[in-house]
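Let's take a friendly walk through a protein model. Have the sequence and the 3D view ready, and follow along as we go.

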Amino acid sequence: LDALIRAGTVRPMLLVGVDNTERRRDMTGPTEVASDREIAPRVGGSAAFRAFWRDDLIPTIRARYRVTSEAGIIGESAAGLFIVETFLLEPELFTAYVALSPSLWWNADWLVTNAARLLAAATGPAGLRASSIRPKSTSVSAKPSRIWIVKRGATKGSSPSSSKGQP
């Protein structure tokens with residue numbers, strides 16, 4: 001990142017990495033699916049993890065460092081699930097969201113099934129980029145089979161069902 005900033009490729013930014021103690025608890029929302037609950041001893045803590053970001057971490061960063069109001073989040077797999085859930089439930093928390101291969105199967109595809117309704121209820125300028133590798137593909141170079149690009153406030157293409165490369 002430092003090299004990219006020095007080269008002028010990206011604007012200066014503060015990069016914050018968060019190490020959590022129970023990844024599957026923190027990155028997953030509630031589920032009614034028994035096989036989901038078998039994945040780890042505790043799941044369904046995404047609301048508490050989101051509250052940590054909103055109420056503790058982001059205010060601390062803004063108080064200690066000279067930063068703009070822009071804030072982005074990126075993650076993959078379970079973290080990608082957390083990012084998509086946060087984008088749909090609390091879109092004002094970040095200004096940019098990137099979810100790589102999010103575990104959208106969680107809770108019987110609840111986020112995918114409810115995305116249009118949640119997007120319709122949301123406000124704000126946040127955008128989401130999410131991609132998933134083809135099912136059963138183990139190749140790192142495999143091309144994404146699904147890409148959602150959602151921009152809040154857009155008049156067209158504002159829901160996953162109407163975006164290019166729909167799932």
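Here is a look at a pocket, a pair of strands and a helix in this predicted model.

The largest pocket has a volume of about 1100 Å³. It is lined by 31 residues, and those closest to its centre are Leu14, Leu15, Ala71, Gly72 and Ile73. Rolling a probe the size of a water molecule over the atoms is what shows where empty space is left. Several elements each supply at least two residues of the lining:

| Element | Residues |
|---|---|
| α2 | 23-27 |
| α4 | 46-64 |
| β1 | 72-76 |
| α5 | 78-89 |
| β2 | 96-100 |

Which element gives the most to the lining of the largest pocket? That is α4, with five residues.

**The strands**

Strands β1 and β2 run parallel and are joined by five bridges. On β1, Ile73 and Gly75 make up the covered face, while Gly72, Ile74 and Glu76 make up the uncovered one. In a regular strand the side chains alternate between the two faces of the sheet.

**Helix α6**

Helix α6 covers residues 106-121; at 1.5 Å a residue, its 16 residues should span 22 Å, and this agrees with its end C-alpha atoms, which are 22 Å apart. The helix bends by about 60 degrees at alanine 115. That alanine is also buried, as are Trp106, Asn107, Leu111, Asn114, Leu118 and Leu119. An α-helix has 3.6 residues a turn, so residues three or four places apart point the same way.

Key:
Residues numbered from 1 in each chain as written. Predicted model: local features only at pLDDT ≥ 70, side-chain atom pairs only at ≥ 80, totals over all residues. Heavy atoms only, no water. Helix = DSSP H or I, 4+ residues; strand = E, 2+ residues; numbered from the N terminus. Expected span 1.5 Å × (residues − 1). Bend = angle between axes of the 7 residues up to and from the residue. Buried < 20%, exposed > 50% of the residue type's maximum accessible area, 1.4 Å probe, protein only. 1 Å grid on protein atoms, 1.4 Å probe; cavity = no way out; pocket = protein on both sides within 12 Å on 5 of 7 lines; lining within 4 Å. Points joined across faces, edges and corners; volume = space filled by probe spheres on them. Pairing = 2+ DSSP bridges.
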